[in-house]
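Have the sequence and the 3D view open as you read.

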Amino acid sequence: MDREFSRYYQLVRGLAEASLSGVRAAASGTQPAGTTPVATEAHSILTTVPPALLLLRDAAEDHEGLVACAQGLAQLASKSSGATGRTVPRLEDPAGHGRDVYYPLALHVCLSAFARRYESLPARLWGRCEEALGRAVEPTRWVGNYTDTPPPPQATALVLWLALCLLDFALVVGRDVDVELADAVVHQVVKRPGPELSLHPRSESAEDESLDTWTYRELCGLHALADLALLRRNRGWSQRVEQVALHHLQNTQPDHATRQPWAVFAFLWSPQTRIFAEQLIHDATVHGGSGRVGPVGGILLADAAAQL
C-alpha cells in the first residue's frame with residue numbers, strides 16, 4: 001500500500017469504525033438518547049453493522065451478528081418468488097427509505113466478512129453462516145436474464161450489485177459457473193456506456209427521471225463495478241471505473257450527488273479523481289452530524305476500507 005493510499009485507508013477506516021461502533025453503543029444503551037440503535041428486524045440495513053465491523057477488525061462479539069444478518073437475509077430471500085422476476089427484497093435505512101440496492105449491499109458485506117473471517121469463526125457458527133448465505137444469494141440469480149443483453153438503464157446499479165454478490169458467493173464456494181455468469185452480466189453493462197462515458201444511459205422516460213435519481217444510480221453502480229474490477233483483476237473493467245469517475249468529477253455538482261458515500265474507493269483508485277472522494281466523505285460527514293457519516297455511510301466506508 002503506497003503512502004497516499006495508506007493515508008486514505010486510515011481516514012476511511014477511522015470514519016467507518018467510529019460510525020459503526022457508535023451504532024452498536026447506542027444499541028447497548030451506552031450512548032445518549034436519540035442515537036440510532038442497531039435494529040434486530042430482518043428488513044433493516046442496520047443488521048449489517050456487525051459484519052461491516054468484521055471488515056475492519058476481527059472481534060468475537062461480531063461473529064453472532066454476522067450469522068444473524070445472514071439468517072435475516074435468508075429469511076427475506078425465502079419470501080421472494082424466485083428468479084423469474086424482479087423479486088429482490090428491500091431493506092430500510094434509519095430514515096425509513098427502502099432501496100433495492102440495500103439488500104445486495106448487506107449481502108456483499110456479509111459474504112466479504114465471511115470470506116475474510118471464516119477461519120476464526122467458531123465451528124458452531126461457521127456452518128450456520130454458510131447455509132444462510134447460500135439461501136440469501138438466491139435472489140441474485142435474477143441477473144441471469146442479462147447475460148446476453150444489457151439491463152434496462154433503471155436496473156443497471158441493482159444488476160451490478162447482484163452480480164457482485166453472485167461473484168462473492170461463487171468465489172467462497174468455488175462455483176465456476178456462477179463466476180462465468182457474473183462475468184457475462186458485467187460485460188453487458190460495461191459494453192453499453194452512457195453519455196460522455198458515464199456508467200449507464202438515462203431511462204427511456206428521462207423526462208420523468210430527475211438528475212439526482214440518475215446520479216444516485218450512477219454512484220451506486222460505480223461502487224459495485226469498482227469492487228468487481230478489483231475482485232476479478234479485470235483491466236477493462238478498471239478502465240471503465242476510471243472513465244466513469246472522471247465523468248462525475250467533470251460533470252457532477254455536489255448538490256446533485258448523494259450524501260451517502262457510495263463509490264469512495266472507485267474515486268480513490270485514480271489520483272485524478274481523489275478530490276471527488278474527499279468531497280463525498282466531507283458531505284457524508286456533514287450530513288451524519290457529530291463528525292460521523294451515519295450508519296449507512298459507515299457500512300459503505302467499511303467496504304471501501306476493505307478494498308483499499
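Which residues in α3 are buried?

## Helix α3

His63, Gly65, Leu66, Val67, Cys69, Ala70, Gly72, Leu73, Ala74, Leu76 and Ala77 are buried in α3, where buried means under 20% relative accessible area, exposed over 50%, and partly exposed in between (1.4 Å probe, protein chains only). The cover over the buried residues of α3 includes α2 (49–54), β1 (91–92), α4 (102–117) and α5 (123–136). Helices (H or I, at least four residues) and strands (E, at least two) are DSSP runs, numbered from the N terminus.

Helix α3 has 16 residues (63–78) and should span 22 Å at 1.5 Å a residue, and its end C-alpha atoms are 23 Å apart, which agrees. The expected span is 1.5 Å times one less than the number of residues.

## Cysteines

The whole structure has 0 disulfides, a disulfide being a pair of cysteine sulfur atoms within 2.5 Å. For Cys129, the closest cysteine sulfur is in Cys110, 6.8 Å away and too far for a bond; Cys129 is buried at 0% relative accessibility.

Cys165 also has its closest cysteine sulfur in Cys110, at 9.5 Å, too far for a bond. Cys165 is buried, with a relative accessible area of 0%.

## Confidence and conventions

This is a predicted model, in which local features need pLDDT of at least 70, side-chain atom pairs count only at pLDDT 80 or more, and totals for chains, interfaces and linings use all residues. Residues are numbered from 1 along each chain as its sequence is written, and side-chain values use heavy atoms, with hydrogens and water left out.

The protein chain has a mean pLDDT (the predictor's confidence in each residue, from 0 to 100) of 90, and 89% of its residues reach 70 or more. Over residues 31–39 the pLDDT is below 50, and this stretch has 21 contacts beyond near neighbours in sequence in the model, contact meaning heavy atoms within 4.5 Å.
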